[in-house]
Amino acid sequence: MKNSDLLLAANTLWVVVAAVLVMFMQAGFAFLEAGLTRMKNAAHIAGKNVLIFGVCSLVYWAVGFGIAFGDGNKVIGTHGFMPSVDSLLAVGKAPYSFFTTVPGAAGYMFEVVFAGVSLAIVWGAMAERAKLWVYFVFGAAFTLIYSVTSHWVWGGGWLFGLGMQDFAGSTVVHYQGALAALAGALLLGPRIGKFDGRRGNAIPGHNIPYAVLGTIILWFGWFGFNPGSTLGVITGDRVGFFAYVALTTNLAAAAGGLGGICVAWLVLRKPDVSMMLNGVLAALVAITAACGFVAPWAAVLIGFVAAGIAVVGVPLVERLGIDDPIGAVAVHGLAGVWGTLATGLFALPSLAATVGVGHGGLLYTGSPYQLGVQALGLVAVGAFTFAASFGSLWGLNRLWGIRVEEHVETAGLDVAEHGMWGYPEFYIPVPGGYGTESHGHLGLAHAPVRVPAPVPEPRLAEG
């Protein structure tokens, strides 16, 4: 076996393992989103992660992968739809000439899980009130929207040609998902009881330990998300560059966790656990663009600032009258903007040369070029994604309505959409259940449990 064959095998193994790590992030989203919403919607919220990944995987294989990474022009890929066996086994050849370090099949596996993550973000701000069929229809539509901008930034498109630096997707994955989520939240309107006049009412999640577990799983999966974006074990002239990317990713997340709880303590007057989680996630979102381009100190700074943005941004979005149950707009949107711009500020010229994309940032070169390209990318991707998402959802809403009826929302989407409960013992009589407690928001209650009368203790006869 030649050295080139061994390198190809190592690259393919690494990329597929990284793809599996990113796919596992769907479990993180399931726990996080179910934990931050109400128990009457828990099964629906968690289960949609399986549904949307199935929809995304098929649409991306049939059309999206060709649009994003197929050979074409500077705007869109025009080849590689429903790819053949030969196309998926080839390396660096049409229709997927972009992938020079791994076969097309490995490229598909790695890129489809990114599309799935972006789609998972969309539903965060639409949680607890969107109809089930919308997941199917808009899930397919957003996969195509996502694929177009993927081509612009990653697949040899016009922003790629300008040198936009988005190593693993602060813009392409997170910012896009947040903008589509914002469009959905605006069209759906707030949940029943969320706003009383201009005042926002807290609707707390039902299980913070679930949210903590989801955050840890997402942090774990991010070690495939960012390091895997090297697409090989050699980057430029650096062997094992993915390890450096993992280091900057971890430093930012750690700073985000500490920043989230400390900023919350100062601003909200309490060390809010949910804000600590938001801080970790916002930091991971922000470092996703910069992880291959910045020094360790910059990764810490990016993560800490992103956490502060999330802590301030979540209540700001609410004050604007937008109901975002998961905080997707602030955590993925605002932090995604910061991470993209921060790359243009702090990118090291030597690391930009290693990655082979763009130039050094403003801090090192004194030139605003890279920062300008980053800002242009945000404007272009933002305008296209929001317009296309809002237009698609608006059309669906006009034709069929995308929000569930009031009685369905009140009852909960678990039983109304799926005929089941995520926590059945809280709503219906279950053998061996909780007993006599009544939790029935549907008018249902547990069957009474008959407790035997206590048996008197035997007494010895006196005398």
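Let's start with a handy definition: a residue is buried if its relative accessible area is under 20%, exposed if over 50%, and partly exposed in between, using a 1.4 Å probe and protein chains only. Residues are numbered from 1 along each chain as its sequence is written, and side-chain values use heavy atoms, with hydrogens and water left out. You're looking at a predicted model, where local features need pLDDT of at least 70, side-chain atom pairs count only at pLDDT 80 or more, and totals for chains, interfaces and linings use all residues.

**Exercise 1.** Classify the ring pair of tryptophan 152 and phenylalanine 384, then say whether each residue is buried, partly exposed or exposed.

*Solution.* 
- Step 1: recall the rule. Rings of Phe, Tyr and Trp (its six-membered ring) pair if their centres lie within 6.5 Å; planes under 30 degrees apart are stacked, over 60 edge-to-face, and the rest tilted.
- Step 2: check the geometry. The two rings sit 5.3 Å centre to centre with 50° between the planes, a tilted pair.
- Step 3: find them in the chain. Tryptophan 152 is in helix α5 and phenylalanine 384 in helix α15, 232 residues apart. (Helices are DSSP runs of H or I with at least four residues, strands are runs of E with at least two, and both are numbered from the N terminus.)
- Step 4: look at accessibility. Tryptophan 152 has 9%, so call this one buried. Phenylalanine 384 has 28%, so this one is partly exposed.

**Exercise 2.** What kind of pair do tryptophan 133 and tryptophan 400 form, and which parts does the pair tie together?

*Solution.* 
- Step 1: get the total. The structure holds 27 aromatic pairs.
- Step 2: take this pair. The ring centres are 5.8 Å apart and the planes stand at 85°, so we have an edge-to-face pair.
- Step 3: Tryptophan 133 belongs to α5 (residues 132–153) and tryptophan 400 to the loop between α15 (369–399) and α16 (406–411), so parts 267 residues apart in sequence are tied together.
- Step 4: compare with the cut-offs. Tryptophan 133 is partly exposed at 27%, while tryptophan 400 is exposed at 56%.

**Exercise 3.** Which helix gives the largest share of the lining of the largest pocket?

*Solution.* 
- Step 1: know the term. On a 1 Å grid over the protein atoms alone, a pocket is an open set of points where a 1.4 Å probe fits, with protein on both sides within 12 Å along at least five of seven lines; lining residues have an atom within 4 Å of a point.
- Step 2: list the lining. There are 28 residues, and Lys194, Ser274, Met275, Val314 and Glu318 lie nearest the centre.
- Step 3: pick the helix. α11 supplies the largest share, five residues.
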